[in-house]
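Hi,

Here is the structure I said I'd pass on. Have a look, and my notes follow below.

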Amino acid sequence: MSEVQLVDAHCHVHEYDEEEIRSFGNIRIAGVAMDLESSGVTLELAKKFGNIDPFVGLHPWNLHKNVDKLEQIKTLAVTSGVAGLGEVGVDVRFAKASFKEQLNIFKEICGLAVEHGLPLNVHALGGWDDVLNICVRLGVKSLLLHWYTGPVGLLKVIRDAGYFISINPAIVIQQKQMQILREADINVILTESDGPYSYRGLNLSPRSLPNLVQLISEVKNLTLEETSRIIYDNYLRFLQASR
Ligand SMILES: [Zn+2]
């Protein structure tokens, strides 16, 4: 079998030790952060590992206790040669900050993305259409809706805007994602692990990616090589679209 380049477009590398990261091999990884501290750790890891693209951000789950750090995170984002902003976004179910406050901060982050040409790596549980509308309206060029489980009807909007979604290995137990995968154009699809998060007993990790790409190739009726090449091209477009 020829060499396939795997992509993990959303992974919390800051939660792994360096030995584990080394064990993932040459998988190209978008390392996303939760707050100021993990943003710094992600940037340091990216200096050591050539296969990590560092994203800095403030996760919606952490907004309520970190609003005072937002300015420092924004400064870090524009002075540290980041690949993009993430994990950022909104969460109607699990965030403690009000939805209104989450949306206001998200708009601020979109402004930064537009001004500095940075891709957004976004968590939007329950707020898919709000996030999408805001990004289109504010002129965000490059957006990944990570672990997309939103309405199938929005897939066309996502494609027309040149945005992306990522499919998570949890697809094997999450019917909604299988439906999304079937309906989505292959040119909007990225792969991710969200590792080391655990979902309903499933330990998510970049190690799950070979099986995930295999499954996508079967659903899309493509070879493994074609599938991984398309996903890698999609990833490069995601990184470069705003430049
Ligand atoms: Zn995440």
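What do the buried residues of α2 pack against? They pack against β2 (28-31), β3 (52-56) and α4 (70-79).

Before the rest, some housekeeping. This is a predicted model, where local features need pLDDT of at least 70, side-chain atom pairs count only at pLDDT 80 or more, and totals for chains, interfaces and linings use all residues. Residues are numbered from 1 along each chain as its sequence is written.

Helices (H or I, at least four residues) and strands (E, at least two) are DSSP runs, numbered from the N terminus. Buried means 20 or more other C-beta atoms within 10 Å of a residue's own, exposed means 12 or fewer, and partly exposed is in between, with C-beta atoms placed from the backbone. Contact means those C-beta atoms lie within 7 Å.

Back to α2: S38, S39, T42, L43 and A46 are buried there. They cover an arc of only 145° around the axis (taken from the directions from the helix axis to the C-beta atoms), so they sit on the same side of α2. The face turned away from that buried side carries the exposed E37, E44, K47 and K48.

Then there's T191, in strand β8 (residues 189-191). T191 is buried because 28 other C-beta atoms lie within 10 Å. Leaving aside neighbours within four places in sequence, the contacts of T191 include V7, D8, S166, L209 and I231. T191 and G84 are 107 residues apart along the chain, and their C-alpha atoms are separated by 17 Å.

Cheers

Terms used:
Two residues are in contact if their C-beta atoms, placed from the backbone, lie within 7 Å.
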